[in-house]
Amino acid sequence: MAVRLRLARFGCKNRPFYRVMAANSRSPRDGKHLEVLGYYNPLPGQDGGKRMGLNFDRVKYWLSVGAQPSEPVQRILFRAGLLPPPPMVAMGRKGGPRDTRAVDPMSGKFVTAGGTSTADVAKEDKE
């Protein structure tokens with residue numbers, strides 16, 4: 001039996017509330033579960049933050065016996081500090097790290113530290 005740590009949806013329409021569950025991977029999303037491990041409320045509270053609560057001891061136990069977290073639960077456990085960052089979070093964004101070099105607004109070319117564009121530097125190298 002493969003055990004997954006996943007979210008089960010509760011709450012009403014347009015106001016989701018999730019419980020973090022340890023469940024058989026073949027059971028339906030809101031169906032039979034083995035244990036409730038915590039909760040996650042994605043809607044911001046009055047302080048503006050999302051609320052979540054986890055039973056860290058039980059989550060560590062299920063991870064130690066081989067339970068696999070789903071992607072949303074993996075992100076929640078990363079925010080809680082229990083897991084390393086998932087691969088996409090480590091990259092920063094989907095396209096990878098952005099180029100942070102300064103761009104000349106008139107020519108659209110990258111500006112080097114001396115204030116000249118990369119095209120001017122290439123011309124000087126040829127001469």
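This is a short tour of a predicted model, stop by stop. Residues are numbered from 1 along each chain as its sequence is written, and side-chain values use heavy atoms, without hydrogens or water. Local features need pLDDT of at least 70, side-chain atom pairs count only at pLDDT 80 or more, and totals for chains, interfaces and linings use all residues.

**Stop 1: the sheet**

Colour the strands. Five of them form an open sheet, in the order β4-β3-β2-β1-β5, with mixed pairing. (Strands are DSSP runs of E, at least two residues; helices are runs of H or I, at least four; both are numbered from the N terminus. Two strands pair if DSSP finds at least two bridges between them.) Go to the edges: β4 (51–54) and β5 (68–69) each have a single partner strand, so one side of each lacks a neighbour in the sheet. Now select helix α1. It packs on the sheet and touches β1 (3–12), β2, β3, β4 and β5. Its direction makes about 115° with that of β3. (Contact means heavy atoms within 4.5 Å. Axes are lines fitted to C-alpha atoms, for helices over the stretch in contact, and angles run from 0 to 180 degrees between N-to-C directions.)

**Stop 2: E35**

Select E35, in strand β3 (residues 35–41). Is E35 buried or exposed? It counts as buried, at 19% relative accessibility. (Buried is under 20% relative accessible area, exposed over 50%, partly exposed in between, with a 1.4 Å probe and protein chains only.) E35 is the bridge partner of A22. Strands β2 (residues 15–24) and β3 pair antiparallel over five bridges.

Now show R58. E35 and R58 form a salt bridge, with the closest N and O atoms 2.9 Å apart. (That is a side-chain nitrogen of Lys or Arg within 4 Å of a carboxyl oxygen of Asp or Glu.) R58 sits in helix α1 (residues 56–64) and E35 in β3, so the pair ties together parts 23 residues apart in sequence. The structure holds one salt bridge. R58 is partly exposed, at 30%.

**Stop 3: aromatic pairs**

Show the rings. The whole structure has three aromatic pairs. For F17 and Y39, the ring centres are 6.0 Å apart and the planes at 15°, so the pair is stacked. (Rings of Phe, Tyr and Trp, the last by its six-membered ring, pair if their centres lie within 6.5 Å; planes under 30 degrees apart are stacked, over 60 edge-to-face, the rest tilted.) F17 is in β2 and Y39 in β3, 22 residues apart.
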